[in-house]
Amino acid sequence: MVKMLPPVPDPSILGLPIKLLPTTVIAAPIERLINRLFKVPVEEGDFDFLEDRWLKIHFSDINFNIHLGFDGTRLNIVEPRPCDVEFRGTIPAFISLATRKEDPDTLFFQRKLMIEGDTELGLGIKNLLDSLEMEQLPAEIRAILTLSNKVQSGLSKLIH
C-alpha cells in the first residue's frame, strides 16, 4: 500500500496569523533583529544611502509586506507608505538570499526575487546584502538561517 502525504497547505494561509497582528506588534521584534543583524554595516555608514528613503519587502507566498526606512542611526519598520523601491519574492527565495544557498544575481535573473521602483537604490541594497558574509552575522542569526534552510530543503524533498 502506498502511503499518501497530506496536502501541503497554501502558504498564504500560513501568513494569516501575521497579517492579523498590528504592525507595532510585528515591528518591534523585526526591528531588533535587523538592527542586530546589520549593526556593523549601520555603524560603518553602509546604510546612509537609504536615509529618508523607503524600502518595501513583499513576501508573495504569504502576501505580507514590511516597510523599512533608515533614520541615520538605525533601521526602522514603519507603517505602510509609498516606497522608493520594492523587493518581492517568496520566503524560500529570501532565505536562499540570506543563507547564500543561491547567488543573489541568480535569484533575480530567475525572477525568484524582483526589484521594482528605483532600481539604482534596489541594486545598492542588493549589493550591500551581497557583500555581507555569513560569518559576520551573530551566531543565533546564523543558526536560525541554517535551520530555516534545512526545513526548506526537507519540505522540498517531501513535496517532490
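Student: What makes the pairing of the side chains of R53 and D118 a polar contact?

Tutor: In this predicted model, the side chains of R53 and D118 are joined at 2.4 Å.

Student: Why is R53 called partly exposed?

Tutor: Its relative accessibility is 26%. Buried means under 20% and exposed means over 50%, so R53 falls in between and counts as partly exposed.

Student: Where in the chain does R53 lie?

Tutor: R53 is in the loop that runs between α4 (39-43) and β1 (54-59).

Student: Which residues is R53 in contact with, leaving aside its neighbours within four places in sequence?

Tutor: They are L68, G69, F70, D84, D118 and L121. The label contact requires heavy atoms within 4.5 Å.

Student: What separates the C-alpha atoms of R53 and D71?

Tutor: A distance of 9.0 Å, with the two residues 18 apart along the chain.

Student: How many helices and strands does the protein have, and in what pattern?

Tutor: There are eight helices and five strands. Along the sequence they follow α-α-α-α-β-β-β-β-α-α-β-α-α.

Student: How much of the protein is buried?

Tutor: Of the 160 residues, 36% are buried, the cut-off being under 20% relative accessible area. The protein exposes about 10000 Å², and carbon and sulfur atoms supply 61% of that area.

Key: Residues numbered from 1 in each chain as written. Predicted model: local features only at pLDDT ≥ 70, side-chain atom pairs only at ≥ 80, totals over all residues. Heavy atoms only, no water. Helix = DSSP H or I, 4+ residues; strand = E, 2+ residues; numbered from the N terminus. Buried < 20%, exposed > 50% of the residue type's maximum accessible area, 1.4 Å probe, protein only. Polar contact = N/O pair within 3.5 Å; in protein donor to acceptor, adjacent residues only side chain to side chain. Areas by Shrake-Rupley, 256 points an atom, 1.4 Å probe, with all protein chains shown as cover.
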